[in-house]
Amino acid sequence: MIYSRITGLGYYVPDNVVTNNDLTKWMETSDEWIQERTGIKERRYFEHGKDTNYSMATAASRQALERAGLSPNDIDVIVYATITPDYFFPGSAFLMQRELQMDGKPVIDIREQCSGFVYALSIADQFIKSGMYKSALVVGSEIQSSWIDKSTAGRNTAVIFGDGAGAAVLQTTKDPGHSILSTHLHADGRFAEDLYVKEPGSSRPGRTATKEMIEEGGFNVYMNGNAVFKHAIVKFGEVINEALSANGYQSSDINLLVPHQANIRISDYVRQQMGLSEDQVINNIQRFGNTTAASIPIALSEAWEMGKLKDGDLICLAAFGSGFTWASALIRW
Ligand code: COA
C-alpha cells in the first residue's frame with residue numbers, strides 16, 4: 001500500500017496589520033463588538049504592488065519546499081484552493097507554476113471556499129495513493145480585502161475576513177504510521193446563497209460585469225451569519241466524528257485539532273463538544289481573521305513551528321464553509 005505524508009509546511013501573511021480599531025475609520029463598528037462576536041483582534045491586508053494571490057502562495061510554497069528539503073521540480077502536481085484568484089481565468093495555480101518554473105507540470109485550481117484546503121489535500125492524497133504522482137504541493141491562498149465592502153453596510157462580513165496563504169508538501173510513503181489516514185468531504189448546495197458572492201456570474205442577459213451590477217451590490221459578500229453559525233457547529237462535530245470512527249478512534253485520541261479559523265466561538269463550541277483542552281486546539285484567528293482556504297495551512301504551519309506536531313501524534317483538520325461544504329482529514333504525524 002502507498003500512503004501520503006506531509007513533509008513540509010509553510011505560510012505567508014502580508015506585513016500590513018489591520019486592527020479592529022483601524023476598521024472604525026471605514027465603518028461603524030468597535031473592537032469590543034468584533035472581539036466578543038468573533039475573537040478577532042487584527043488581520044492582514046495585502047499591499048497592492050507587493051502581494052498578489054499567487055505571490056503569497058509562492059512564498060508559502062517555497063517555505064514548505066525548503067522544509068521538506070525539495071525543489072519545485074521535485075513536485076509532480078499542484079492543487080491550489082482559492083475563492084479569490086488573481087484572474088477570473090486561468091487560475092492562480094498557473095501563475096504560481098510559472099513563478100516556480102515548473103513548466104509542464106499539471107496544476108489543479110479548486111474553490112470549495114473555507115473547506116478548500118482539506119478538499120485540495122484530499123485530491124492530492126488520492127493522486128499519491130493511486131500511484132499516479134509521488135509528490136504534490138497543496139496550497140490555500142486568499143486576497144479577500146479587495147472584495148469586502150468596508151462601509152457600514154458590509155460590516156457583518158468585512159470584519160471577519162483577512163488575507164494570507166499556506167502550503168503543504170505531500171510525498172509518498174509506505175509507512176501508514178506517518179501518513180494521512182483518511183479524508184472526508186461533504187457539500188450541501190441547498191445553502192449556496194447563505195454565504196456567497198453573486199457576481200461576476202455568467203448566467204445572465206448582457207455582459208457579465210456592468211456598473212449597475214456593482215451598484216446593486218452583487219460583488220459584495222452576502223452572509224446569513226446565523227445560518228452559517230448554526231450549521232457550522234453541527235457539521236464540524238459530525239465530520240470530526242466521521243473521521244475518528246472510520247479509523248477506530250474516539251475524540252480522546254486526538255492530540256491536536258486544527259479547525260478552519262471561522263470564528264472563535266465556533267472553535268470553542270467544537271472544542272467543548274469534543275472534550276478537548278484549549279491546548280489541544282489551534283486558534284490564530286485573533287491575529288489573522290478568517291483567511292478562508294488559507295486558514296488551515298497557516299494554522300498547521302504555526303503548530304509545526306511551535307513544536308505542536310510531534311512524531312506519531314493524531315492530528316485532525318476540520319473545516320466548514322460556504323457551499324455549504326464541510327470536510328476533515330485525520331493524520332498520523
Ligand atoms: N460591528 C458592530 N455591529 C455590527 C457589526 C459590526 N461589525 N456587524 C453587525 N452588527 C450589528 C447588526 O447590524 C445588528 O444590529 P441590530 O441589532 O441593530 O440590527 C447586531 O450587530 C447583531 O447582528 P447579527 O448579525 O444578529 O449579529 P450576530 O450576533 O449574529 O453576529 C456574526 C454576527 C457574523 C458574528 C455571527 O452571525 C457569526 O459568527 N456567524 C458565523 C459567521 C462565520 O463564522 N462565518 C465564516 C464562515 S466560514
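This is a predicted model: local features need pLDDT of at least 70, side-chain atom pairs count only at pLDDT 80 or more; totals for chains, interfaces and linings use all residues.
Residues are numbered from 1 along each chain as its sequence is written, and side-chain values use heavy atoms, with hydrogens and water left out.

**Overall form**

The protein contains 11 helices and 13 strands; these are DSSP runs numbered from the N terminus, with helices being H or I of at least four residues and strands E of at least two. Its radius of gyration is 19 Å, close to the 20 Å that the globule rule gives for 333 residues, so the protein is as compact as a globular protein of that length. The radius is taken over C-alpha atoms, and the rule is 2.2 Å times the number of residues to the power 0.38. The C-alpha trace spans about 55 × 45 × 35 Å along the principal axes.

Of the 333 residues, 54% count as buried. Buried means under 20% relative accessible area, exposed over 50%, and partly exposed in between, with a 1.4 Å probe and protein chains only. The protein exposes about 14300 Å², of which carbon and sulfur atoms supply 48%; the areas come from the Shrake-Rupley method with a 1.4 Å probe, and for residues only the protein chains shown count as cover. Among contacts (heavy atoms within 4.5 Å) between residues at least 6 apart in sequence, 77% join residues at least 24 apart.

**Around helix H4**

A cis peptide bond with omega of about -5 degrees joins phenylalanine 89 and proline 90. Proline 90 sits in the loop between strand E4 (77-81) and H4. Helix H4 (residues 92-99) includes phenylalanine 94, which is partly exposed at 40% relative accessibility. Leaving aside residues up to four places away in sequence, phenylalanine 94 touches Val107 and Asp109. The C-alpha atoms of phenylalanine 94 and aspartate 109 are 8.5 Å apart, with the two residues 15 apart in sequence.

**Backbone exceptions**

Most residues other than glycine have a negative phi, and most peptide bonds are trans. Glutamate 112 has a positive phi of about 65 degrees. This residue is in the loop between strand E5 (107-110) and helix H5 (116-129) and is partly exposed, with a relative accessible area of 25%. Threonine 292 also has a positive phi, near 50 degrees, but is buried at 2% relative accessible area; its loop runs between helix H10 (285-288) and H11.

Of the 11 residues of helix H11 (residues 295-305), 9 are buried, so the helix is largely enclosed by the rest of the structure. The buried residues include Ser295, Ile298 and Glu302. Just after H11, glycine 307 has a positive phi of about 75 degrees.

A cis peptide bond also joins glycine 323 and phenylalanine 324, with omega about -10 degrees. Phenylalanine 324 lies in the loop between strand E12 (314-321) and strand E13 (325-332).
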